[in-house]
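This report describes a protein structure for a reader who is new to the subject. Please keep the sequence and the structure in view while reading.

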2 protein chains.
Amino acid sequence: MTESEFLVPGVSDVAQAAARIAPWAHRTPVVTCSALDERAGRRLYFKCEQFQKVGAFKFRGACNAVMALTDEEASRGCITHSSGNHAQAVALAAALRGVPAYIVMPSTATSVKRAAVVGYGAEVIDCEPTLIARETTAAEVRDRTGAHFVHPYDDFHVIAGQGTAARELVEEVPALAALVAPVGGGGLLAGTILACGDRAVFAGEPAGADDAYRSLKAGTLIPQTAPRTVADGLLTSVGRRNWAIIHPGVQDIVRVSEAQIVDAMELLWTRAKLLVEASSAVALAAVLAPEFRDLPGLDDVGIILSGGNVDVRRLPWA
Amino acid sequence: MTESEFLVPGVSDVAQAAARIAPWAHRTPVVTCSALDERAGRRLYFKCEQFQKVGAFKFRGACNAVMALTDEEASRGCITHSSGNHAQAVALAAALRGVPAYIVMPSTATSVKRAAVVGYGAEVIDCEPTLIARETTAAEVRDRTGAHFVHPYDDFHVIAGQGTAARELVEEVPALAALVAPVGGGGLLAGTILACGDRAVFAGEPAGADDAYRSLKAGTLIPQTAPRTVADGLLTSVGRRNWAIIHPGVQDIVRVSEAQIVDAMELLWTRAKLLVEASSAVALAAVLAPEFRDLPGLDDVGIILSGGNVDVRRLPWA
C-alpha cells in the first residue's frame with residue numbers, strides 16, 4: 001500500500017459514491033415506531049438496509065468500488081473472498097458492470113450462499129475454511145486474472161459507499177442529533193462518520209467481539225481473537241483504514257450482551273415489524289442500554305439497520 | 001339504515017379521508033424486490049401497511065371514521081367489537097381524538113391483545129366468544145353510553161379510510177396497471193377500488209374462505225360459513241356496503257390454497273425481508289398463481305400488504 005492510499009476520504013467522497021451508485025442501489029425507506037420510541041426515551045429513525053439489494057448495506061460499498069474502476073481495470077474483473085453478504089454484493093456489482101467476478105468461498109459455505117453468488121453469474125473458487133487459505137487462494141486468482149480485489153471493509157471506496165446509507169438518512173431527517181451503527185470490520189461505522197459531518201456517531205458492539213471498544217479505550221488498534229456472538233456479521237476485527245476514521249470520529253462505543261441483542265432483535269420484529277439480522281439489532285440494543293439512555297439531549301436518533309439475511313427457520317428466541 | 005347511507009362513496013371520499021387522517025397515520029413505504037419480480041414475471045410494488053400504526057391498514061379506516069364524527073358525536077365515545085387489529089385501531093384513534101373507547105372482546109382474546117387495547121386507554125368489556133354475544137354486548141354498551149359504533153369493514157368511512165393506502169401507492173407509482181389486495185370483510189378491497197379510478201383491481205382470497213369469489217361468480221352476496229385458513233384476518237364474510245363496491249368494481253378474485261399462502265409468506269420474509277402476516281401473503285400468492293401470471297400486460301402491479309401482526313414464535317413453516 002502506498003502512502004497516498006492512506007489519505008483518509010471525506011464527506012465529498014461519500015457524495016461521489018452516492019452519485020456513482022444511484023443508478024444501481026435502492027434508496028431504502030426510513031421507518032419509525034412509537035413503541036420503540038417509548039422504550040428508548042427519544043425518537044428513533046430506522047434506516048432499512050434489509051431492503052437494499054442483496055438484503056444488506058454491503059451492496060453500497062461493493063457497488064461504489066466496482067463502479068469506480070476504470071474500464072481497463074474493470075475489464076479484468078473483480079475478486080473477493082467471503083462467505084456472506086459481501087460475496088453477493090461484489091458478484092451483483094460486477095454483473096451490473098458487465099465484468100467477471102471471482103468469489104473465493106470456504107468449502108463450509110452453505111449451498112444457499114453459493115447458489116446466490118452463482119445466480120449473479122460469478123465464478124466460485126473453493127478453498128479450505130481458514131483465513132490463510134482464503135487469502136492465498138484469492139491472491140493466486142488475482143495474479144492469474146489481474147482482477148481487482150474488493151476488500152469487504154478495509155477499502156476507502158467501500159467505506160465511502162457504506163456511508164451513503166447515513167447520507168440518505170440525514171437528508172431525509174435533518175433534525176437527527178446522532179446516528180448509531182453496529183461495528184464489525186468498521187466499514188459501515190466509518191462511512192457513517194464520514195457522511196454525518198458534525199453529528200455525533202455512536203457504535204453498538206457485541207461484548208463477545210469487542211475489539212473496537214477495547215481499541216478505542218486503549219487508543220490503539222487491537223485485533224479480535226476468538227469472537228463469540230449471535231451477531232455473526234460482527235465477528236471480524238476492525239480494519240486499518242476503518243480505524244483511521246473511527247478512532248478520531250466516533251463519539252463512543254456501547255457494548256451489549258447476547259441477551260440485549262436478542263431482546264432488541266425481537267423488539268424490532270414484533271413491535272416495529274422490521275425483519276433484521278442480529279447484527280442490525282446490536283445498534284438498537286446499544287440505544288436501549290442504560291449508558292445510552294442516560295445521555296442528555298439527542299431527541300432524534302438515527303439507527304442504521306444493516307441487513308435482513310437471517311434464517312427464519314432458526315430464530316434466536318425459538 | 002337509511003337509504004342515504006347507501007349512497008356509495010367515490011374517489012373524493014378517499015381524498016377527504018386522506019386529508020383527515022394525514023396528521024395521525026403513517027405514510028408507509030413502498031418496497032420492491034427483484035427476486036419476487038422474477039417469480040411474478042412483472043414488476044411488483046409492495047405497499048407496506050405492516051409499518052402503519054397498530055401494525056396494519058386497519059388504523060386508516062378506524063381513524064377516518066373517528067375523526068369524521070362531529071365533536072358532539074365524538075364526545076360520547078366510540079365502540080366496536082373485535083379481538084384483533086380493528087380493536088387496537090379504534091382504541092388508538094379514540095385516544096388521539098381524546099374521547100372514550102369501549103371495546104367488546106371475547107373472553108378468548110389473548111392477554112397480549114387485551115393489554116394492547118388497554119394500553120391505548122380503552123375500556124375493555126368482556127363477552128362470550130360468539131358473534132351474537134359480541135353484538136348484543138356492543139348494543140347494550142352503545143345504548144348505555146351513546147357511543148358511536150365503528151364497524152370493522154361494513155362502513156363507508158372505514159372503506160374510504162382503507163382506500164388511502166392504495167391512493168398513496170398510485171401517487172408514488174403512477175405507472176401501475178393493476179392493484180391487488182386480500183379480501184376478507186372487504187374494507188381494504190372496496191377502498192382500493194374507490195381509490196384507483198380506471199386501474200384494474202384484483203383480489204386474492206383463501207380457497208378455505210372464498211365467499212367473495214363465490215359471490216362474484218353467483219352475482220349475489222353469499223355469506224361465509226365454516227371458514228378454514230391460516231390467513232386469520234380473512235375469515236369473515238364480505239359486508240353489504242363492501243359488496244356494493246366490490247361487485248361492480250373488482251376485475252377478478254383469485255383463490256389460493258393454504259400451501260400457496262404459506263409459500264408466498266415465506267418468500268416475502270426470506271427474499272423481500274417483509275415481515276407480514278399470512279393475510280398479506282394472500283395477495284402475493286394470487287399474483288404468483290398461474291391464472292394471474294398468464295394475464296397479458298400488467299407490467300407494473302401494486303400489492304397492498306395488509307399488516308404484520310404475527311406470532312414470531314409460531315410461524316406456519318416451522
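## Two domains in chain A

How many Å separate the centres of domain 1 of chain A and domain 2 of chain A? Taken over C-alpha atoms, the distance between these centres is 25 Å. The model under discussion is predicted. In chain A, domain 1 consists of residues 3-56 together with 155-305, and domain 2 covers residues 59-149.

Where the two domains touch, domain 1 of chain A supplies 21 residues and domain 2 of chain A supplies 15 residues. On the domain 1 side, the elements that give two or more residues are α1 (11-21) and α8 (156-172) of chain A. The largest share of this side, eight residues, belongs to α8(A).

## Overall form of chain A

Chain A contains 14 helices and 10 strands. Its C-alpha trace extends over about 55 × 45 × 40 Å along the principal axes. A compact globule of 318 residues would have a radius of gyration near 20 Å, and the 18 Å of chain A agrees with this.

Of the 318 residues in chain A, 54% are buried. Among contacts in chain A with a separation of 6 or more, 72% join residues 24 or more positions apart.

## A residue in helix α9 of chain A

A:T192 lies in helix α9 of chain A, which runs over residues 187-195. Is A:T192 buried or exposed? A:T192 counts as buried because it has 35 C-beta neighbours inside 10 Å, and a residue needs 20 or more to be classed in this way.

Leaving aside residues up to four places away in sequence, A:T192 touches A:G163, A:A166, A:L179, A:A181, A:V201 and A:I304. The C-alpha atoms of A:T192 and A:A203 are 10.0 Å apart in space, and these residues are 11 residues apart in sequence.

## The sheet of chain B

Chain B has an open sheet of six strands with mixed pairing, in the order β1-β2-β10-β7-β8-β9. Its edge strands, β1 (30-31) and β9 (252-256) of chain B, each pair on one side only.

Strands of a sheet pair through backbone hydrogen bonds, either parallel or antiparallel. In chain B, strand β2 (residues 43-48) and strand β10 (residues 300-305) pair in the parallel sense over six bridges. The bridge partner of B:F46 in β10(B) is B:I303. Helix α9 (residues 187-195) of chain B packs on the sheet and touches β7 (178-182), β8 (200-206) and β10 of chain B. The direction of this helix makes about 165° with that of β7(B).

Key. Residues numbered from 1 in each chain as written. Chains lettered and ligands numbered in written order. Predicted model: local features only at pLDDT ≥ 70, side-chain atom pairs only at ≥ 80, totals over all residues. Helix = DSSP H or I, 4+ residues; strand = E, 2+ residues; numbered from the N terminus. Buried ≥ 20, exposed ≤ 12 C-beta atoms within 10 Å, placed from the backbone. Contact = placed C-beta atoms within 7 Å. Pairing = 2+ DSSP bridges. Axes fitted to C-alpha atoms, helices over the stretch in contact; angles between N-to-C directions. Rg over C-alpha atoms; globule rule 2.2 N^0.38 Å. Domains from an automatic or database assignment.
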